[in-house]
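Visitor: I'd like a close look at one part of this protein, with some context for the whole chain first. Could you walk me through it?

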Amino acid sequence: MWFSGGVLMDSIIRVVIADDSKDARDSIKSMLELEKMIEVVGEAGNGIEAVQLARETLPDIILMDINMPVKDGISATEEINVDFPEIAIIMISVQNEREYLRKAMVAGAREFVAKPFSYDDLLNTIKKTYELELKRRKKSSDSKAEEELNAKIISVYSSKGGSGKTTIATNLAVSLAKQTKKRVALIDLDLLFGNVSVHMNITSKNNIAELVKVINSLDDELLDDFLMPHISGVRVLTAPIKPEYSEYINEQHVKTLLSYLKKSYHYVIIDTCSNFAETTLAALDASEKILYLSTLDLPSIKNAISGLEVMETLNYDKTKVHVVINKATEIYGVKLEDFEKTVGTEIWAAVPEDYNTVIRSHNKGLPFVMTRTKSPVQKSLDDMGSRLIAEKKGESLKNGEKKEIKKVNLKKSFFGKVLEMRS
């Protein structure tokens, strides 16, 4: 018996070694034979043999070399991960490059070890990977009935930068937590330049780029290690520290993450990118509601028209997409009713412009719904939260319903330019 991470391990770890070099296989095998808790149950010289051994022996761990003849390690890992997801694959290679690491993780590898490696490096990686797999198995086999929370997933989206997505997403998440006293998760899916961590004053190395490295071992306990607690009660998953790390995150990662969050939280708020990348689309597809943000200026309105047309092409139901006007003010001559007629959709909510409150909130790292409790901008976010809560309960709001907007004459108006663009 041995201990790893405080967990008692009393079973043999069954390992398959897949490497086209016999010398490499012999060297690895000789290392592993020094550890009584590890048993080598097979050796493969190519990817096809590795897949066959996986079927025949059902090992706990496969040490998989990337570059092998007939079928390479990446292809073999993909096939094994689909057919036998309980088998943990550790990729080994002399190619210690980012692209190889990315491909290995996308294929379903749990860990990546660069050659040459020491006995301690190899043994510790195997034990750590096996420990995580045991936790996952225990969680999935636990027969205790768990509450199905069935979270309401809400994405905050805009087709133009500077619309205030992050401001709305962070304050809405805090407002929902404040009003419901239930579990709320906030996910920064602006993978290149996400600022949720700044708005919430959170610093963490456990961001989404680190999470996807263990996505195949994910369970509720492990997920909680990556979602950082905020003083409001919201738990936050931050964006990658560096923009280049975003390339490790793909559509399937987002789908897997949201499937776990949906079972563990009452509300999941997603701050998305201002594009239709595959990761963004995965979030939008999974969302029950999309808050589509725009502001009352010509570039934003033009982009809103294009973005909403894309969502219509994606067959999103009209009840799924709520148009929200942020920084709403009519002092520059553009009215809410003008926007509705031009874009061809109703405004679900309008958040008033309050530059001083918002900037002070950003600089302090405290959402304004926590600090400016009597300001119009705070009230508008709480109203939005109340309406979303009512929708989740299947209730209709008596108060806070959308106000009627008086129709105006648009002859030779500013929006004639936008109408010309549409035609």
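Visitor: To begin with, what does the accessible surface of the chain come to, and what percentage of it belongs to carbon and sulfur atoms? After that, please take me to His253 and then to the salt bridges.

Guide: Happy to! Please keep in mind that this is a predicted model. The accessible surface of the chain comes to about 20400 Å², and carbon and sulfur atoms contribute 49% of that. Of the 423 residues, 51% are buried. The chain holds 17 helices and 15 strands. Among contacts with a separation of 6 or more, 76% are between residues 24 or more positions apart.

Now to His253, which sits in helix α10, spanning residues 251-264. Its relative accessible area is 6%, and since buried means under 20%, His253 counts as buried. What surrounds His253, once neighbours within four places in sequence are left aside? The residues in contact with His253 are Met105, Val106, Val212, Ile215 and Tyr248.

On to the charged pairs.

One joins Glu43 and Lys29, with the closest N and O atoms 3.4 Å apart. Glu43 belongs to strand β4 (residues 38-44) and Lys29 to helix α1 (residues 22-32), so this pair ties together parts that are 14 residues apart in sequence. Both partners are partly exposed: Glu43 has a relative accessible area of 30%, and Lys29 is at 26%.

Another salt bridge brings together the side chains of Lys115 and Asp65, at 3.5 Å from N to O. Here distant parts of the chain are linked, 50 residues apart: Lys115 is in the loop between β7 (111-114) and α5 (119-141), while Asp65 is in strand β5 (residues 61-65). Lys115 is partly exposed at 23% relative accessible area, whereas Asp65, at 6%, is buried.

The last stop is the pair Lys71 and Glu79, whose side chains meet at 3.3 Å, N to O. This pair is part of a network in which salt bridges with shared partners join Arg55, Lys71, Glu79 and Asp83. Lys71 is partly exposed, with a relative accessible area of 23%, and Glu79 is partly exposed too, at 25%.

How values were computed: Residues are numbered from 1 along each chain as its sequence is written. This is a predicted model: local features need pLDDT of at least 70, side-chain atom pairs count only at pLDDT 80 or more; totals for chains, interfaces and linings use all residues. Side-chain values use heavy atoms; hydrogens and water are left out. Helices (H or I, at least four residues) and strands (E, at least two) are DSSP runs, numbered from the N terminus. Buried means under 20% relative accessible area, exposed over 50%, partly exposed in between (1.4 Å probe, protein chains only). Contact means heavy atoms within 4.5 Å. Accessible areas come from the Shrake-Rupley method with a 1.4 Å probe; for residues, only the protein chains shown count as cover. A salt bridge is a side-chain nitrogen of Lys or Arg within 4 Å of a carboxyl oxygen of Asp or Glu.
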